[in-house]
Amino acid sequence: MASRADARWMAAALALAERGRGRTAPNPNVGCLIVKDRRVIGRGWTQPGGRPHAEAMALAAAGDAARGASCYVTLEPCAHASPRGPACADLLTAAGVARVVIGLRDPDSRTDGLGAEQLRGAGVEVAMGVAEVAARRSMAGFITRRALGRPSVTLKLAMSLDGAVAMANGSSKWITGPEARAHAHLERARHEAILVGRGTWQADAPVLDVRLAGFEERSPRRILLSRSARPDGWETVATPSDIATLVDIDYLLVEGGVQTAAAFLSADLVDRLLLYRAPILVGDGLTLPDIGLADLAAAHGQWRLHDSRMLGSDQLQVYERHGRQRDRELV
């Protein structure tokens, strides 16, 4: 049975999992802690490219002290062997851990309950579903790819108080201040790829790199939404739904162009909204075009506020897609 201490340790494991977000596809970004006598003796998170797994890293750090310890892992330990490494359920059993606390059951059919079953069969105590909602959010890219066959999509919009994303002539540098722009670069580092539309590519020639000290190597792949352009150094998709064909991309950030934003919203392909609101009024500015909404009543209940904070003088609001159909798809 899970305790308050279990919830605290799992929260720490989830924080570790964030270190791998946007770098581990096609594997999930998992965090793991090995705890003994109320002290952390090993910690790990999934490494770039998906290996080593979080459990392997944490067990290597703990060494022989892992015997009799508790393991906190955000996703059920894998039960299937791979040419790239042993199954984590086998590693935990061999290490002699006494208890494994799991955030989320693995939706991969090769594990899906089998990891926990194997551990129990070896005499290990298992608790499943601790901080499950947070674990599901932490691995949204992996879950969305499994459930919907495409990356998890975040749409970023910087706008004025009156909803303008640019001036009437298309100028948008800079609606928000330096703190908000720095946060946007942090978000880039948490995604495997960034997508912009052809209009943004032609008008701005965006580099789309990460310009934060220490994070430069985490600049994501660049995707262009275009039926004809094939620029060097870019990958292209012809339509929003074609993002399903992108390989090793579980987290996609859509950044540029009101037409592109509207196309993804109209296709119901946005899972998360990043809204940066600047305390300015633009007046006759560019706003989102038609997104296919036929009835105002249908707009309600689709988005749920997850986070809100001030970034300098700008306000960040993070919304997650909500609704009974989407909730069923991602269960």
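These are my notebook entries on one predicted protein model.

**Ground rules**

I number residues from 1 along each chain as its sequence is written. Because the model is predicted, local features need pLDDT of at least 70 and side-chain atom pairs count only at pLDDT 80 or more, while totals for chains, interfaces and linings use all residues; side-chain values use heavy atoms, with hydrogens and water left out.

**Entry 1: the whole chain**

I began with the secondary structure. The protein chain has 10 helices and 15 strands. Both are DSSP runs numbered from the N terminus: helices are H or I with at least four residues, strands are E with at least two.

Next I looked up the radius of gyration, taken over C-alpha atoms. It is 21 Å for the protein chain, close to the 20 Å that the globule rule gives for 331 residues, so the chain is as compact as a globular protein of that length. The rule is 2.2 Å times the number of residues to the power 0.38. Along the principal axes, the C-alpha atoms fill a box of roughly 65 × 40 × 40 Å.

I then checked burial. Of the 331 residues, 48% count as buried. Buried means under 20% relative accessible area, exposed means over 50%, and partly exposed is in between (1.4 Å probe, protein chains only).

I also looked at contacts, meaning heavy atoms within 4.5 Å. Among those between residues at least 6 apart in sequence, 72% join residues at least 24 apart.

**Entry 2: the cores**

A nonpolar core is a set of buried Ala, Val, Leu, Ile, Met, Phe, Trp, Tyr and Cys residues joined through side-chain atoms within 4.5 Å. The largest one has 38 residues. Ile 34, Val 100 and Met 139 have the most contacts inside it.

I followed Met 139. Leaving aside neighbours within four places in sequence, Met 139 touches residues including Pro 28, Thr 74, Leu 104 and Tyr 251. A second, separate core has 23 residues, among them Val 165 and Leu 269.

**Entry 3: helix H6**

I moved on to H6, residues 140-148. Gly 141, Phe 142, Ile 143 and Thr 144 are buried there. The buried residues of H6 pack against helix H5 (132-138) and strands E3 (70-75), E4 (99-104), E6 (152-159) and E11 (251-256). Just after H6, Gly 149 takes a positive phi of about 75°.

**Entry 4: Ala 184**

Ala 184 sits in helix H7, residues 178-189. Its relative accessible area is 8%, so Ala 184 is buried. Beyond neighbours within four places in sequence, Ala 184 is in contact with Lys 156 and Tyr 276. I also checked Val 207: it is 23 residues from Ala 184 in sequence and 14 Å away in space, C-alpha to C-alpha.

I found a cis peptide bond between Ala 25 and Pro 26, with omega about 10°. Pro 26 is in the loop between helix H1 (4-17) and strand E1 (31-36). Another cis peptide bond joins Arg 51 and Pro 52, with omega about -10°. Pro 52 is in the loop between strand E2 (39-45) and helix H2 (54-62).

Then I looked at positive phi outside glycine. Asp 37 has phi near 55°. Asp 37 lies in the loop between E1 and E2. With a relative accessible area of 72%, Asp 37 is exposed. Asp 248 also has phi near 55°. Its loop runs between strand E10 (235-237) and E11. At 38% relative accessibility, Asp 248 is partly exposed.
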